[in-house]
Amino acid sequence: MASRRVGFCLSVKKRRRINLSAFAHLCAGRGIEVVEIDLSRTMDSQGPFDIIVHKLSDVIVEAEHDSQSQQLLDNFQTYVSTHPRTVLLDPLPAMRQLLDRFASYRIISKLQNTLQGKSICCPPYLEINTTDMSAIQEAVDRKQLTYPLICKTRVAHGSRSHEMSLIFSRAGLRDARPPCVLQSFVNHGAVLHKVFVVGEQHFTVARPSLKNFPTGPYDRKTIFFNSHEVSKPESCSHLTALDETMPRVPAPNEDLMVAMVKELRAALGMALFGVDVITNIDTHTLTIIDINIFPGYEGVPQFFSSLLSHIEYVLDMSHDPKH
Ligand SMILES: Nc1ncnc2c1ncn2[C@@H]1O[C@H](COP(=O)(O)OP(=O)(O)OP(=O)(O)O)[C@@H](O)[C@H]1O
Ligand SMILES: O=P(O)(O)O[C@H]1[C@H](OP(=O)(O)O)[C@@H](OP(=O)(O)O)[C@@H](O)[C@@H](O)[C@@H]1OP(=O)(O)O
Ligand SMILES: [Mg+2]
């Protein structure tokens, strides 16, 4: 079998975390060569590639205000468009939707309609584009969003996108920093499930999450936090500590997760993504709070073997004359 080449285009942080040399070793046993792409060099000099696995979200976000990142992105895009036989995991337009929380919550809301009757939902939310306080207050009232509200930046990826706040009353709305999403906080017993998707497969891991709060509004100062302080495996924050007497919420139903992942894969047109779900402690409704591009897959020992099978599957399909 002729050797096949997989290019990886990742940030320094991601490369450090992922241990690419271990994956390269696994691939070598299947006649697949792994190449780390250096975006600052010409792509042609590093190719050819049968497939490119990337997480260009940082570069795309930076390209908005940085011409050097824009140049790197242009070079990458030129290579991709002049090499149509190179498969991209995942396609850039598909990935771009998830850089914008406005777009991703629209996708989740649609899914709620597609999976009607299956007890899956998206928390009620608003897209905020204005600094006009009275307009924000009026929109919150009109949409009947319940307090507390969680405020998330419109940009969904990159270091600044994880700074959030919990707003407890109308007065607290002044702490919202547009453009952002205001979303009703859903009590879920401080447990989050991360559903990590790799093509046809998915893996679910439990993580710490924000604790329950009494339904508002009430007079309390806005809490500012970084999402990575509350929902990483090692997170240990006063915001996640739950009262011992609180009943435990059931784990999400697996059939429901299968249906959710299938619909989302089709809706997104992506293979490598993560869905963060919580279970409403009152209604037991599965609630989708976030979708992430190429997440960390921490706690998924099968990630490498699963990624390799997916790459092989995609390459076989792309060489099959019937496709
Ligand atoms: N609507 C909600 N109701 C209750 N808790 C929520 C809600 N949305 C978010 N959270 C809590 O806030 C945390 C961060 O939210 P979210 O996943 O949207 O942030 P993120 O920065 O996109 O995270 P990630 O690092 O997974 O991309 C969640 O892990 C969860 O604990
Ligand atoms: O920090 P990790 O590596 O584990 O992965 C995180 C990833 O960072 P990365 O850039 O290193 O992939 C984040 O990406 P950015 O939003 O910052 O772009 C985001 O997708 C998180 O959801 C991931 O956490 P997880 O969902 O897996 O807990
Ligand atoms: Mg996210």
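A disulfide is counted here when a pair of cysteine sulfur atoms lies within 2.5 Å, and in general such a link is a covalent bond between the sulfur atoms of two cysteines. The views below show a predicted model, in which local features need pLDDT of at least 70 and side-chain atom pairs count only at pLDDT 80 or more, while totals for chains, interfaces and linings use all residues. Residues are numbered from 1 along each chain as its sequence is written, chains are lettered from A and ligands numbered from 1 in the order in which they are written, and side-chain values use heavy atoms, with hydrogens and water left out.

View 1. Cys-27 is in no disulfide, and the nearest cysteine sulfur, that of Cys-9, is 16 Å away. Cys-121 is in no disulfide either, the nearest cysteine sulfur being that of Cys-122, 7.1 Å away. Cys-27 has 0% relative accessibility and therefore counts as buried (buried means under 20% relative accessible area, exposed over 50%, and partly exposed in between, with a 1.4 Å probe and protein chains only).

View 2. Strand 1 (residues 4–9) pairs with strand 2 over 5 bridges, and Gly-7 stands opposite Val-35 in strand 2. Strand 1 is also joined to strand 3 by 4 bridges, again in parallel, and the bridge partner of Cys-9 in strand 3 is His-54.

**View 3. The loop residue Phe-294.** Phe-294 lies in the loop between strand 14 (286–293) and helix 9, and it counts as buried because its relative accessibility is 1%. Although Phe-294 and Val-53 are 241 residues apart in sequence, they are 9.5 Å apart in space, C-alpha to C-alpha. Leaving aside neighbours within four places in sequence, Phe-294 has contacts that include Leu-10, Val-53, Leu-272 and Phe-303, where contact means heavy atoms within 4.5 Å. In the loop between strand 14 and helix 9 there is also Tyr-297, a residue other than glycine with a positive phi near 55°.

**View 4. The magnesium ion.** Asp-290 (OD) and Asn-292 (OD1) coordinate the magnesium ion (ligand 3) at 2.1 to 2.2 Å, and both Asp-290 and Asn-292 are buried. Donors are N, O and S atoms within 2.8 Å of the metal (3.2 Å for Na, K and Ca), and since water is not among the atoms, sites may look incomplete.

**View 5. Two cis peptide bonds.** A cis peptide bond with omega of about -5° joins Leu-89 and Asp-90, and Asp-90 lies in the loop between strand 4 and helix 5 (92–97). Another cis peptide bond, with omega of about 0°, joins Pro-178 and Pro-179.

Terms used: Two strands pair if DSSP finds at least two bridges between them. Helices (H or I, at least four residues) and strands (E, at least two) are DSSP runs, numbered from the N terminus.
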